[in-house]
Amino acid sequence: MAAHNPQLGPDGELRHLLSIEGLPRATLMQILDTARSFVSVTEREIKKVPLLRGKSVFNLFFESSTRTRTTFEIAAKRLSADVVNLNIATSSQSKGETLLDTVANLSAMHADMFVVRHASSGAPHLIARHVGPEIHVINAGDGRHAHPTQGLLDVYTIRHYKTDFTDLTVAIVGDLLHSRVARSEIHALTTLGVPEVRVVGPRTLMPPDIEKLGVRVFHDMREGLRGVDVVMMLRLQNERMSGALLPSSQEYFRSYGLTPARLALAKPDAIVMHPGPMNRGVEIDSAVADGPQSVILPQVTFGIAVRMAVMAILAGNG
Amino acid sequence: MPTPPTLPDAELSLDHLVSRMRGAIGADTALVGIHTGGVWVAERLHAALGLPTPLGTLDVAFYRDDFRQRGLKPDVRPSDLPFEIPGRDIVLVDDVLYTGRTVRAAVNLLFDYGRPGRVRLAALLDRGGRQLPIAAEWVGDVVDVPADRGMIVLERDASGRLSLTMEEAGGGA
């Protein structure tokens, strides 16, 4: 492990959730186990527990993402926290205030937790280094770097359907180059002991040294899907695409779209996941997205429980 | 002072509790055990009293008032209440009744599932030391153990036999 992991306190307890990279297996399992308890809470008539009563959670979205912000907001509210949503892309930053000034001002309002989404990799780390010891930071997606709660909800979903990580083959398919989700998924899967993690995609959308993360690289979709237990599709990141990496989205679908015929190469009980929002007809066929092997909507439900677990564990660590 | 307090035989305390509750519990009454020791007691009561309503279980971790001091334990078990709560006659079951804080948390949790008709409390052992205005309807036995002597813990061996032991205060692990 690195000499100092900024996410962990002196006793190894979770202080911030910035990246799955470097977190011990026991911490991931603690989050998954705790999330399981929260799933039952979200199925009750009164979907609220009092753990974060009186705490203020600030959603700092320097990059807009309605879905992620909403799931964090629901998670915090189900823990009885007060939630303040700040869409900073359109507020004081445009008046020239720096990132750290913004955070200092919100800290002065007695924030207890910041949920940070930022287009620049490392922005949540920077914030975590500058906040007081009583404030916790959760990375809700930074640049191309990480999206740890998405990675956690993905492994939660796999555990729910497949139970044991240690005999699985998992394929992550699509735009690996621009995907912070994929990086978080790979770290989570390898830490939890998944023996074979495959990445499948065109050369132009594959980071050059991705093998170093302990994955097998496939450029042929059919080869990559053969015999897998889990297919994790990635969104084709149109808005992050710079230059001509792809001829067209129709061309992409012909080579890497998940169709019923390609899914048939995976194990018969393979599950299909997607972090959303989906580009139907680009990376995934509607027949698969809405089909019996799709667990895309349960992922959303589990995502709330996982975010509740992360927030509760952080708040419980003082 | 140095002599360890004498704790009752948990199996005898259970017999006392069963005989006190018998006749006072209706067919619609639901027993709800509080994890973990309370569930063991509730399972035994449920069998001994031959109750038709399925047993419920609660884990009060999300409702504890010492969350800020102690954090969240990792394996919070899902609460399971396999019956309708509104209007229900409920008996909460715990192993050792002490400060009353666990029972407070359990009552709050219960009300997040609906509005019960009545909630009563059964405890295997009452050790005194209440910090809240909470009393049990039935207890198996009563012992007076000062707070500085540590925690009384219910254990269950492989054969299902229950026993009470003292975890000395400041005694390390």
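This is a predicted model: local features need pLDDT of at least 70, side-chain atom pairs count only at pLDDT 80 or more; totals for chains, interfaces and linings use all residues.
Residues are numbered from 1 along each chain as its sequence is written, and chains are lettered from A and ligands numbered from 1 in the order in which they are written.

**The sheet of chain B**

Chain B holds an open sheet of five strands in the order S2-S1-S3-S4-S5, with parallel pairing. Helices (H or I, at least four residues) and strands (E, at least two) are DSSP runs, numbered from the N terminus; two strands pair if DSSP finds at least two bridges between them. At the edges are strand S2 (56-58) and strand S5 (138-142) of chain B, each pairing on one side only. From one strand to the next, the twist averages 25°. Axes are lines fitted to C-alpha atoms, for helices over the stretch in contact, and angles run from 0 to 180 degrees between N-to-C directions.

Strand S3 (residues 89-97) and strand S4 (residues 118-126) of chain B run parallel and are joined by eight bridges. Within this pair, B:Val93 stands opposite B:Ala122 in S4(B).

Two helices of chain B pack on the sheet, with contact meaning heavy atoms within 4.5 Å. Helix H1 (residues 10-21) touches strand S1 (30-34), S3, S4 and S5 of chain B, and its direction makes about 150° with that of S5(B). Helix H2 (residues 37-49) touches S1, S2, S3 and S4 of chain B, and its direction makes about 150° with that of S1(B).

**Two helix pairs**

The axes of H1(B) and H2(B) come within 10 Å and cross at roughly 50°. The two are therefore oblique to each other; angles under 35 degrees count as roughly parallel, over 145 as roughly antiparallel, 65 to 115 as roughly perpendicular and the rest as oblique. The contact is made by B:Glu11, B:Leu14, B:Leu17, B:Val18 and B:Met21 of H1(B) and B:Val41, B:Arg44, B:Leu45, B:Ala48 and B:Leu49 of H2(B).

In chain A, helix H2 (residues 66-78) and helix H11 (residues 296-316) pack at an angle of about 55°, with their axes 8 Å apart. That angle makes H2(A) oblique to H11(A). Residues of H2(A) including A:Phe72 and A:Ile74 meet residues of H11(A), among them A:Val300 and A:Met308.

**Contact between the chains**

The contact takes 17 residues from chain B and 20 residues from chain A. About 1,500 Å² is buried between the chains, of which carbon and sulfur atoms give 61%; buried area is the accessible area (1.4 Å probe) that two parts lose on being put together, summed over both. On the chain B side, B:Phe62, B:Phe67 and B:Arg68 lose the most area to chain A, together 41% of what that side buries.

**Backbone details**

| Cis peptide bond | Omega |
|---|---|
| A:Gly276 to A:Pro277 | about -10° |
| B:His35 to B:Thr36 | near -5° |

A:Pro277 lies in the loop between strand S9 (271-273) and helix H10 (286-289) of chain A, and B:Thr36 in the loop between S1 and H2 of chain B. A:Ser80 has phi near 75°, a positive value in a residue other than glycine.

Methods: Side-chain values use heavy atoms; hydrogens and water are left out.
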